[in-house]
Amino acid sequence: MELVVRAARAITGDGEVAASIGVDGGRIVAVEPFEATMDGEEVLDLGQDVVLLPGLVDTHVHVNDPGRAEWEGFETATRAAAAGGVTTIVDMPLNSLPPTVDVAALAVKRQAAAGRVHVDVGFWGGAIPGNLAELRGLHEAGVFGFKCFLLHSGVDEFPPLDARGLASAMGELASLGALMIVHAEDAHEIDSAPEPHGPEYADFLRSRPRVAENTAISQVIEEARRTGARAHILHLSSSDGLPLLAAARSAGVAVSAETCPHYLTFTAEEIRDGATQFKCCPPIREAANRERLWQGLADGVIDCVVSDHSPCTPELKRFDSGDFGLAWGGISSLQLGLPAVWTQARQRGFALTDVVRWMAARPAAQAGMRRKGRLAVGCDADFCVFAPDEAFVVDVAKLKHRNPVSAYHGRPLAGVVRSTWLRGTMIGEEPRGTLLERGNC
């Protein structure tokens with residue numbers, strides 16, 4: 001074998017075990033007990049203070065390239081991913097120019113990414129008014145599914161679907177066997193809420209009420225039930241949505257949900273006025289809501305945890321005025337998801353096996369990636385070497401994404417990524433990632 005990794009602690013399908021992992025041709029070809037005799041051209045003994053994890057899979061990343069590469073870009077985003085133990089990302093269809101709403105736009109995005117990525121990268125397609133006829137072509141071209149909004153997306157070139165448009169798109173996706181992923185906030189409820197303005201976080205929170213999420217989730221569930229399409233709720237913030245999702249699943253509706261590290265870490269009560277680095281949509285809510293989201297993970301109602309990495313330039317965060325109504329919404333966290341979630345998870349009695357399930361195995365399965373997110377024979381040899389008991393304080397100047405803005409700046413976190421491996425080779429300075437298509441990973 002080309003490589004044998006001996007890990008006193010590894011997260012496999014059997015839980016946390018001592019294991020020797022054999023790698024050949026970029027794939028895992030053996031998972032044996034630690035004491036097993038295995039010959040390799042290179043043998044790596046990880047020692048006692050680290051845990052071997054499968055490379056994480058982040059299916060919710062806004063790379064914004066091409067078109068808004070000053071916000072982020074494929075080179076910087078994938079460097080940040082690798083530094084955070086993430087070996088596979090799936091890029092969102094909006095904020096780039098053109099948005100990924102037809103096959104020609106997908107080709108432009110692939111060209112922008114080619115030869116510049118340090119981890120493997122896949123793409124979501126977009127479902128917007130007027131592109132119903134484009135969905136089949138995008139599906140056949142290998143996108144992992146389709147994203148839609150039910151209210152203004154923040155950029156005019158990616159408009160939302162109304163009720164009729166959502167019904168039509170989900171009917172089409174049902175015929176394709178494709179997944180619809182939804183930014184679930186109801187436009188009418190948001191329009192009826194107070195407008196956000198000024199530096200007070202409480203005012204911003206009132207502008208994005210839970211009822212907006214709850215109403216939209218109910219609408220998506222109903223369309224999934226009616227059409228038979230698979231649906232996925234993005235960045236769940238409102239814990240009120242949990243019983244809706246649980247009831248739908250019990251009734252056989254194919255609906256899943258994710259949440260994000262910032263909803264599991266921060267609370268509305270601790271966000272000071274003017275701190276627009278914490279602005280995201282839907283918003284960070286109260287402490288009690290956060291704890292119910294953790295319970296949703298424990299109960300299996302929330303399937304996975306992904307970053308919703310949505311960066312921008314410092315100017316767009318409007319630190320000059322601290323006005324939550326004017327600032328761009330998005331949390332930059334691609335590099336920090338693993339330690340952020342682990343810090344909170346271990347305080348609540350969860351294990352690294354849980355974190356790996358939420359951040360590697362389930363995102364991969366939800367996107368249809370058969371060879372990602374697991375330390376198992378036949379899977380890609382994508383590894384994260386993680387020191388769970390080592391601590392650090394986040395310094396934005398040391399993060400790899402393009403702009404030095406993050407809500408996590410100055411926050412102590414537990415767990416350090418020592419190294420990240422893609423198909424059996426440690427990720428270094430040279431971009432070695434590949435562009436993925438649905439069905440080839």
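**View 1. Strand S7 pairs with strand S8 (residues 120-123) in the parallel sense.** Four bridges join S7 and S8 in this predicted model. Asp-91 of the pair stands opposite Phe-123 in S8. S7 spans residues 86-91 and is mostly covered. Six of its six residues are buried.

**View 2. Strand S6 (residues 56-61) also pairs with S7, again in the parallel sense.** The S6–S7 pairing runs over four bridges. Here Val-61 stands opposite Asp-91 in S7.

**View 3. Thr-12 lies in strand S1 (residues 3-12).** Its relative accessible area is 12%, so Thr-12 is buried, the cut-off being under 20%. Neighbours within four places in sequence are left aside here. Beyond them, Thr-12 is in contact with Val-17, Val-31 and Leu-375.

**View 4. Helix H8 (residues 241-250) has buried residues Gly-241, Leu-242, Leu-245 and Ala-248.** These cover an arc of only 130° around the axis, so they sit on the same side of H8. Pro-243 and Ser-250, on the other side of H8, are exposed.

**View 5. Several elements cover the buried residues of H8.** Among them are two helices, H7 (210-227) and H10 (287-299). Strands S12 (230-233) and S13 (255-259) are also included. Just after H8 comes Gly-252, with a positive phi of about 90°.

Conventions
Residues are numbered from 1 along each chain as its sequence is written. This is a predicted model: local features need pLDDT of at least 70, side-chain atom pairs count only at pLDDT 80 or more; totals for chains, interfaces and linings use all residues. Side-chain values use heavy atoms; hydrogens and water are left out. Buried means under 20% relative accessible area, exposed over 50%, partly exposed in between (1.4 Å probe, protein chains only). Two strands pair if DSSP finds at least two bridges between them. Contact means heavy atoms within 4.5 Å. The arc is that of the directions from the helix axis to the C-beta atoms.
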